[in-house]
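Dear colleague,

I am passing on the structure we spoke about, together with some notes on how its parts pack together. Please have it open while you read.

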Amino acid sequence: MDHVDEIIEQWAKERPDLDTAPMALLGRLLKLQQHTSKATGETFSQFGLNAAAFDVLATLRRSGPPYRLSPGALMDMTMVTSGTMTNRIDQLVKAGLVERIKNPDDGRGFLIALTDKGFKLVDEAVTAHVETQKDLTSRLSDADRETLSALVKKYLATFEE
């Protein structure tokens, strides 16, 4: 029995009329997210980053040359608000990991670009991040990993359609 089983058992005694199967699934997903967030957070901290900073740097890096995007594109790709993105960018500019440059296609706007320092750091961090993810998922067989990924993808699609 795991912790979630204990909770479900308690509810079964107190409220046998409730169908707690959804609670069991979502409780386990939440516990899993806590474990994986802790592990990835520890990886990011080795590089002086948190998940939010890594998200912006990784988005710029995976966008390809010239590794720059408008703040709006960054907001869309990271799904955060304007104020949150501005704060993240300000912190990354202070750290010398990104810079604001004039947008050649829009004289009023600017782009966020990886600096050489930011490019090097995010490349090292993403390599470690992928290794952490590999370690976290190695607890399952290849077949189980593929099955779980397909099921979670199917479930997630019901929220994003």
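At roughly what angle do the axes of helix 1 and helix 2 cross? This is a predicted model, in which local features need pLDDT of at least 70 and side-chain atom pairs count only at pLDDT 80 or more, while totals for chains, interfaces and linings use all residues. Residues are numbered from 1 along each chain as its sequence is written, and side-chain values use heavy atoms, with hydrogens and water left out.

The axes of helix 1 (residues 3-14) and helix 2 (residues 21-45) cross at roughly 150 degrees and come within 10 Å of each other; axes here are lines fitted to C-alpha atoms, for helices over the stretch in contact, with angles from 0 to 180 degrees between N-to-C directions. Helices are DSSP runs of H or I with at least four residues, and strands are runs of E with at least two, numbered from the N terminus. The angle makes helix 1 roughly antiparallel to helix 2, a term used for angles over 145 degrees. In this pair, Val4, Asp5, Ile7, Ile8 and Trp11 of helix 1 meet Met23, Ala24, Gly27, Arg28 and Lys31 of helix 2, where contact means heavy atoms within 4.5 Å.

The axes of helix 3 and helix 6 also come within 10 Å, crossing at roughly 105 degrees, which makes helix 3 roughly perpendicular to helix 6 (65 to 115 degrees). Phe54, Leu57, Ala58 and Arg61 of helix 3 make this contact with Phe119, Val122, Asp123, Ala125, Val126 and His129 of helix 6.

Leucine 74 lies in helix 4 (residues 71-78) and is buried, with a relative accessible area of 0% (buried means under 20%, with a 1.4 Å probe and protein chains only). Leaving aside neighbours within four places in sequence, leucine 74 is in contact with Val56, Thr59, Leu60, Leu69, Met85, Ile89 and Ile112. On that basis, leucine 49 is in contact with Phe44, Phe54, Leu57, Leu97, Leu121 and Ala125.

Key:
Parallel < 35°, antiparallel > 145°, perpendicular 65-115°, else oblique. Buried < 20%, exposed > 50% of the residue type's maximum accessible area, 1.4 Å probe, protein only.
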